[in-house]
Amino acid sequence: MGPVTTGLAMAGLGASLAGGYLIPAVWKPLAIRRLQARCRSRRALVLTFDDGPSTSITPALLDLLAEFEAPATFFLTGDRVLPHSDLAYDLERRGHEVGCHGYHHLHAWKNRPGKLGDDFARGYDAAKSCGASDPISFRPPYGKLVFPTWLAAKRRGCRLAWWTHDSGDTFAELPGRSPALDLLNQGGGIALMHDLDRSARRNEFVLETTRALLEGARRHDLALLRFRDLFA
């Protein structure tokens, strides 16, 4: 292979890699804007929780949601389903939605496509094993997506589940007031929270934010929906 051919091959590879990262990066903000518009048209609040389930907070969240007779969507990491199988199986039984969040919560921009594909498939199977209903919603870990993972999700009929408002529960310093509460005055949205094993203060912040969102939904006459209900 001559230098020109090699150069063209490398250029082609570079373009392919760039497309694999850039195309999903362009889609994401467009998809989020569509989700925000869909929430506003339905005056809907969607509570979502990532990275669980966890015995340190998920049971308390389930009790809080039951108090308000409110549904939510839980994006489970597959490696937490087996050690917390009772909790995982209980989510759909209580009327909540179980979504896929990968198996080992891999960062899509820091791992090989083959590894990511395997992680997605195992995470999908874990969600199915605890009763997730089709079509399963998929939330990419860290909110990062590459084309091969998007394609794998599409082939399984998954719907990408971005969020519109971050609660701030993973910020280096917890905010005094969750920015997710802004959605109450914006006609609705999708709140991102987490129910993994962390400090008691962060768990308390998630519970406080969830309660504030539930109470605010009543005041603002917002419908409480699961993610998949937005498309019903």
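Modeller: Start with His105, which counts as buried at 18% relative accessibility. The cut-off for buried is under 20%. This is a predicted model, so keep that in mind throughout. His105 sits in the loop between strand 3 and helix 4. Its phi is positive, near 55°, and the residue is not a glycine.

Next comes helix 4 itself. It runs over residues 113-129, which is 17 residues. From its first C-alpha to its last it reaches 24 Å. That is close to the 24 Å expected at 1.5 Å a residue.

Which residues of helix 4 are buried? They are Leu116, Asp119, Phe120, Ala121, Gly123, Tyr124, Ala126 and Ala127. An α-helix has 3.6 residues a turn, so residues three or four places apart point the same way. Keep that in mind when you turn the model and look for the buried residues of helix 4, including Leu116, Phe120, Gly123 and Ala127.

What do these buried residues pack against? Their partners are strand 3 (97-100), strand 4 (137-138) and helix 5 (147-155).

Take helix 5. Its axis and that of helix 4 come within 9 Å. They cross at roughly 30°. Angles under 35 degrees count as roughly parallel. Helix 4 and helix 5 are therefore roughly parallel to each other. The crossing of helix 4 past helix 5 is right-handed. On the helix 4 side, the meeting residues are Pro113, Leu116 and Phe120. On the helix 5 side they are Pro148, Thr149, Ala152 and Ala153. Leu116 and Phe120 are also among the buried residues of helix 4.

Now follow the chain out of helix 4. Just after it, Gly131 takes a positive phi of about 95°. Then comes a cis peptide bond, from Asp134 to Pro135, with omega near -5°. Pro135 belongs to the loop between helix 4 and strand 4.

There is another cis bond elsewhere in the chain. It joins Gly52 and Pro53, with omega about 5°. Pro53 is placed in the loop between strand 1 and helix 2. Asp51 lies in that loop between strand 1 and helix 2 as well. Asp51 has a positive phi of about 80°, although it is not a glycine. It is buried, with a relative accessible area of 11%.

Pro53 brings us to another histidine, His84. You will find His84 in the loop between strand 2 (73-76) and helix 3 (85-93). At 15% relative accessibility, His84 counts as buried. In sequence, His84 and Pro53 are 31 residues apart. In space, their C-alpha atoms are 6.6 Å apart. Setting aside neighbours within four places in sequence, His84 touches Pro53 and Thr55.

Helix 2 makes the contact with Ala60, Leu61, Leu64, Leu65 and Glu67. Helix 6 brings Val206, Leu207, Thr210, Arg211, Leu214 and Arg218 to it.

Then there is the core. The largest nonpolar core has 56 residues. Which of them touch the most other members? They are Leu47, Phe49, Phe74, Leu76, Ile190, Leu213 and Leu230. Strand 1 (residues 44-50) gives the most to this core, with five residues. Look at Leu213. Not counting residues up to four places away in sequence, Leu213 touches Leu45, Leu47, Ala180, Leu181, Leu183, Leu184, Ala191 and Met193.

Finally, step back to the whole chain. It has six helices and eight strands. Read along the sequence, they follow the pattern α-β-α-β-α-β-α-β-α-β-β-β-α-β. Of the 232 residues in the chain, 52% are buried. Take the contacts between residues at least 6 apart in sequence: 77% of them join residues at least 24 apart.

Terms used: Residues are numbered from 1 along each chain as its sequence is written. This is a predicted model: local features need pLDDT of at least 70, side-chain atom pairs count only at pLDDT 80 or more; totals for chains, interfaces and linings use all residues. Side-chain values use heavy atoms; hydrogens and water are left out. Helices (H or I, at least four residues) and strands (E, at least two) are DSSP runs, numbered from the N terminus. The expected span of a helix is 1.5 Å times one less than its number of residues. Buried means under 20% relative accessible area, exposed over 50%, partly exposed in between (1.4 Å probe, protein chains only). Contact means heavy atoms within 4.5 Å. A nonpolar core is a set of buried Ala, Val, Leu, Ile, Met, Phe, Trp, Tyr and Cys residues joined through side-chain atoms within 4.5 Å. Axes are lines fitted to C-alpha atoms, for helices over the stretch in contact, and angles run from 0 to 180 degrees between N-to-C directions. Angles under 35 degrees count as roughly parallel, over 145 as roughly antiparallel, 65 to 115 as roughly perpendicular and the rest as oblique. A crossing is left-handed if the near helix is turned anticlockwise from the far one by less than a right angle, and right-handed if clockwise.
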